[in-house]
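Welcome! Below is a short tour of a structure that may be new to you, with a look at its ligand site and a few spots along its backbone.

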Amino acid sequence: MDKDGSILTLGIESSCDETSASVVANGREVLSNVISSQIEIHKSFGGVVPEIASRKHVEAVISVIDASLKEAGVSLTDIDNIGVTFGPGLIGALLVGLSAAKTIAYITKKPLIPVHHIEGHISANFIEYKDLKPPFVCLVASGGHSHIVDCRDYGDFRIMGRTRDDAAGEAFDKISRALGLGYPGGPIVDKMAKEGSPNAIKFPKVHFNDSLDFSFSGVKTSVLNYLNNSAAKGEAINTADVCASFQKAVVDILVENLIKAAQLKGYGKICLAGGVAANSALRQAAETAAHNAGIEFYRPSPILCTDNGAMIASAAYFVMNKRKAGNDLNAFANVSIENIDGLFNNIAN
Ligand code: KG4
Ligand code: ZN
């Protein structure tokens, strides 16, 4: 606790290629958010190499936690609870953050609060908007996930729609690679798309009857076919037009389903979250669609869309009275966001 009586949460995130630690006061105020990204290392491989990721987390985790405490101007004794990502993610990567968090919890005798990675992404909105409260519907789109989540309460989620194949970010990364633009593809395609026309090429959009699920493999294959056909015919392609048209196909589906979900629930509030939520076309399209539908629109700043410890600390704070893990907490490579509290009931102490 700090001198004003604020509850301080240390959040630790290591599920993919960012080692991050943050101190957050009362779940909403970021005192520090230190992010050590491995992107430069994984770039040359065109994607995240799990074993390298684990090793880099091991190297970075202590100094990242130390820097987050120093930047916040607090010591471990001031921290009230420790939030950590327990899954889903790369198992070796998750275990590094988890081991660090467990050690700190053991030494300081402070509660250890396991946080689901997607729950963390959603909570970035609580940091951005100090008055935002559930219920709302949130689109979580990242390199590993594309979910429409019914956020009924803090820590209480139901999935309304999900991708049946590629995640949205994965599709961006694959198209970028096919165009020879580099990794990670999302930010590059986003930038290129600004120079092109979203209506230049018609790529297919997949809709399912009576379902809010997504499919991005069709649009991805269609872009790859377009590139191959153009190459076979010796026709030059307009990279910016391909990026803009592909991006439009993906964004349109995401936004249509998100608005439908909000209307089904009648909450009147939608949020974006996850790495793809940094996409400028998605932010613009969701804002416009929400406005037209009379729905309030929320999205985190780009720095809070990407993986970070602050979103984990925020999520931990809001469930601190109902969720706690013991010393036997393990990491999960795949775990649903539904019924997280049920998962930890039997080990609460
Ligand atoms: O949430 P995140 O940092 O990590 C995961 O949990 O996966 O998301 C990373 C993903 C990558 O696929 C990246 O290409 C995508 O988010 N991304 C974007 C943008 N910025 C990052 N996709 C589209 N447009 C962007 N501006
Ligand atoms: Zn993420």
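The shell around ligand 1 is made up of 5 nonpolar, 11 polar and 3 charged residues; here Ala, Val, Leu, Ile, Met, Phe, Trp, Tyr, Cys and Pro count as nonpolar, Asp, Glu, Lys and Arg as charged, and the others, Gly among them, as polar. This is a predicted model, in which local features need pLDDT of at least 70 and side-chain atom pairs count only at pLDDT 80 or more, while totals for chains, interfaces and linings use all residues. Residues are numbered from 1 along each chain as its sequence is written, chains are lettered from A and ligands numbered from 1 in the order in which they are written, and side-chain values use heavy atoms, with hydrogens and water left out.

In total, 19 residues surround ligand 1, and the closest are Gly-143, Asp-173, Gly-186, Asp-190 and Asn-279. A residue belongs here if one of its heavy atoms lies within 4 Å of the ligand.

Helices (H or I, at least four residues) and strands (E, at least two) are DSSP runs, numbered from the N terminus.

Ligand 1 lies between domain 1 (8–125 + 305–343) and domain 2 (133–299), because both give residues to its shell. The domain bounds come from an automatic or database domain assignment.

Here are some polar contacts of the ligand, meaning pairs of N or O atoms within 3.5 Å:

| Protein atom | Atom of ligand 1 | Distance |
|---|---|---|
| Gly-144, backbone N or O | oxygen | 3.4 Å |
| Asp-173, polar side-chain atom | oxygen | 2.7 Å |
| Asp-190, polar side-chain atom | nitrogen | 2.9 Å |

On its own, ligand 1 has 550 Å² of accessible area, and the protein covers 88% of that (Shrake-Rupley method, 1.4 Å probe).

Now for the backbone. A cis peptide bond with omega of about 5° links Pro-134 to Pro-135, and Pro-135 is found in the loop between helix 4 and strand 6 (136–141). Another cis bond runs from Tyr-183 to Pro-184, with omega near -10°; Pro-184 belongs to the loop between helix 5 and helix 6. Finally, Asn-26 is not a glycine, yet its phi is positive, about 50°. You can find Asn-26 in the loop between strand 2 (18–25) and strand 3 (29–37).

Notes. Polar contact = N/O pair within 3.5 Å; in protein donor to acceptor, adjacent residues only side chain to side chain.
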